[in-house]
Amino acid sequence: RQPPACGRNVRDHFVSKQNFTPTTRRSFVTLNKYTMSKKRILIVEDEALTVLALQQELAELGYEIAGNASTAADALRVAEDNRADLVLMDIQLDGGISGIAAAAAIRGHLDIPVVFLTAHASAETVGRAVESGAFGYLLKPYTVPELKAAIDIALHKHNTEVAMRRALASRLPAYIAPSSI
């Protein structure tokens with residue numbers, strides 16, 4: 001029998017409870033002394049079976065589903081209405097507008113990081129995704145650990161970028177600092 005880690009029972013230290021706050025539409029996981037918001041992920045995918053699989057996988061990983069969309073126009077609307085923390089975006093979408101164009105608009109107008117989840121691996125497609133400001137590019141078929149890693153890296157990179165912009169803005173004179181930061 002192993003002794004408890006650091007003199008206490010680790011399992012009891014990390015007892016979790018889930019609460020839902022209707023005003024912010026965010027759920028929270030409480031880990032005794034630690035409270036963290038569940039990250040909300042928008043799925044933009046035109047294949048229904050892929051959407052269902054992603055919803056299940058993301059829920060099992062502890063993420064909250066912010067909604068789903070199958071067109072670029074719906075993606076923009078749902079991303080803005082539901083304030084997703086991250087968007088998982090297919091490149092080929094219904095409606096004639098590509099996921100790359102939708103990602104650039106979401107990134108530019110809403111400052112939400114986008115991770116592409118696609119079967120397209122050509123150098124041209126990857127290059128267009130990079131130019132759109134993508135935070136990740138995951139090829140189908142993917143594994144759940146690959147999905148989790150791509151999401152975690154994108155969220156961390158975005159948080160770091162936001163913190164750097166705020167730090168820079170705080171050092172600039174008031175007449176130069178952008179008001180949108």
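**Close-up views of a predicted model**

Helices α2 and α6 are roughly perpendicular to each other. This structure is a predicted model, and the legends below take it one region at a time.

**View 1. Helix α2 crosses helix α6.**
Two packed helices are described by the angle between their axes and the distance between the axes. Here α2 covers residues 48–60, and its axis comes within 11 Å of the α6 axis. The two axes cross at roughly 70 degrees. That angle falls in the range of 65 to 115 degrees, which counts as roughly perpendicular. From α2, the residues L54, E57 and L58 take part in the meeting. From α6, their counterparts are V144, L147 and I151. By class, five residues of this contact are nonpolar and one is charged.

Strands of a sheet pair through backbone hydrogen bonds, either parallel or antiparallel. In this sheet the pairing is parallel, and the strand order is β5-β4-β6-β7-β8. Which strands stand at the edges? They are β5 and β8. Each has a single partner strand, so one side of each is left without a neighbour in the sheet. On average, neighbouring strands are turned by 20 degrees against each other, direction ignored.

**View 2. Strand β4 is covered on both faces.**
Strand β4 spans residues 40–44, and five of its five residues are buried. In a regular strand the side chains alternate between the two faces of the sheet. On one side of β4 sit R40, L42 and V44, all buried. β4 runs parallel to β5, and five bridges join the two strands. R40 has E64 of β5 as its bridge partner. Helix α3 lies across β4 and β5. Its direction makes an angle of about 150 degrees with β5.

**View 3. Strands β6 and β7 pair side by side.**
Three bridges link β6 and β7 in the parallel sense. What stands opposite V87? The residue is V114 in β7.

Is T71 buried or exposed? T71 counts as buried, because its relative accessibility is 18% and the cut-off for buried is under 20%. The T71 side chain reaches the backbone nitrogen of D74 at 3.1 Å. Beyond residues up to four places away in sequence, T71 touches V44, L93, D94 and G95.

**View 4. Two loop residues have a positive phi.**
Most residues other than glycine have a negative phi, and most peptide bonds are trans. R83 is not a glycine, yet its phi is positive, at about 45 degrees. R83 lies in the loop between α3 (72–82) and β6 (86–89). It is partly exposed, with a relative accessible area of 40%. D111 also has a positive phi, near 55 degrees, and is a residue other than glycine. D111 is found in the loop between α4 (99–110) and β7 (114–118). Its relative accessible area is 25%, so D111 is partly exposed.

Where is the cis bond? It runs from K140 to P141, and its omega is near -5 degrees. P141 is placed in the loop between β8 (136–139) and α6 (144–171).

**View 5. L139 lies in strand β8.**
L139 is a residue of β8. At 37% relative accessibility, L139 counts as partly exposed. Its contacts, leaving aside neighbours within four places in sequence, are T118, A119, H120 and A121. L139 and F116 are 23 residues apart along the chain. Their C-alpha atoms are separated by 8.1 Å.

**View 6. The whole chain puts the close-ups in context.**
The protein chain holds six helices and eight strands. Along the sequence they follow the pattern α-β-β-β-β-α-β-α-β-α-β-α-β-α. Of its 181 residues, 36% count as buried. Among contacts with a separation of 6 or more, 55% come from residues 24 or more positions apart.

Conventions. Residues numbered from 1 in each chain as written. Predicted model: local features only at pLDDT ≥ 70, side-chain atom pairs only at ≥ 80, totals over all residues. Heavy atoms only, no water. Helix = DSSP H or I, 4+ residues; strand = E, 2+ residues; numbered from the N terminus. Buried < 20%, exposed > 50% of the residue type's maximum accessible area, 1.4 Å probe, protein only. Polar contact = N/O pair within 3.5 Å; in protein donor to acceptor, adjacent residues only side chain to side chain. Contact = heavy atoms within 4.5 Å. Axes fitted to C-alpha atoms, helices over the stretch in contact; angles between N-to-C directions. Parallel < 35°, antiparallel > 145°, perpendicular 65-115°, else oblique. Nonpolar A, V, L, I, M, F, W, Y, C, P; charged D, E, K, R; others polar. Pairing = 2+ DSSP bridges.
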